[in-house]
Amino acid sequence: MTRSSEGFCEIEHTADWELEVWGPDVEALFNQAALGMFSLLGVRLAAGRRNRRSMVLQAPDSETLLVDFLNELLFLADTDGFAPDRMDLTIRGGHLDALIEGASIAGSSMERRSASIE
């Protein structure tokens, strides 16, 4: 089986969710981590109207930046009912600039509740 240049897959785990993400650069890794997170949540986007949002984040290192990025996306999903399916990311050091595009959440396989990434 040939592996694509970027993507994600769920790794079976008895107690937690675990994702493996891969890509040619850090932007692809962040993108796939976000798409994988929403896939694990079973998020389905509404058809029709699309929205764009911008995001700027700072963190002391890449790991913290990834956690902050995913938490910000969860916050948008929880408070605004919005999830992205396309992201244009620029990451330099601990600075992220993002233009995210998506739609309203039509439903998910999880109960609507707050979540956080640690």
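**A tour around helix α1**

Select N31: this residue is buried, with a relative accessible area of 13%. Buried means under 20% relative accessible area, with a 1.4 Å probe and protein chains only. The model is predicted, local features need pLDDT of at least 70, side-chain atom pairs count only at pLDDT 80 or more, and totals for chains, interfaces and linings use all residues. Residues are numbered from 1 along each chain as its sequence is written, and side-chain values use heavy atoms, leaving out hydrogens and water.

Stay on N31. Leaving aside neighbours within four places in sequence, N31 is in contact (heavy atoms within 4.5 Å) with E6, M87 and L89.

Now show all of helix α1, where N31 lies. Helices are DSSP runs of H or I, at least four residues; strands are runs of E, at least two; both are numbered from the N terminus. Of the 15 residues in α1, 11 are buried. Among them are E27, A28, G36 and L40. The buried residues pack against β1 (7–10), β2 (19–22), α2, β5 (82–92) and β6 (95–107).

Go to the N-terminal end. D25 caps α1 there, with a side-chain oxygen 3.3 Å from the backbone nitrogen of E27. Then select G42, which follows α1 and has a positive phi, near 70°.

Next, pick F30 and F69. A search of the whole structure finds one aromatic pair. The ring centres of F30 and F69 are 5.9 Å apart and the planes are at 35°, so the pair is tilted. Rings of Phe, Tyr and Trp (its six-membered ring) pair if their centres lie within 6.5 Å; planes under 30 degrees apart are stacked, over 60 edge-to-face, the rest tilted. F30 is in α1 (residues 26–40) and F69 in α2 (residues 62–80), 39 residues apart. Both are buried.

Note on methods. Buried means under 20% relative accessible area, exposed over 50%, partly exposed in between (1.4 Å probe, protein chains only). A polar contact is a pair of N or O atoms within 3.5 Å; within protein, one must be able to donate a hydrogen and the other to accept it, and residues adjacent in sequence count only if both atoms are side-chain atoms.
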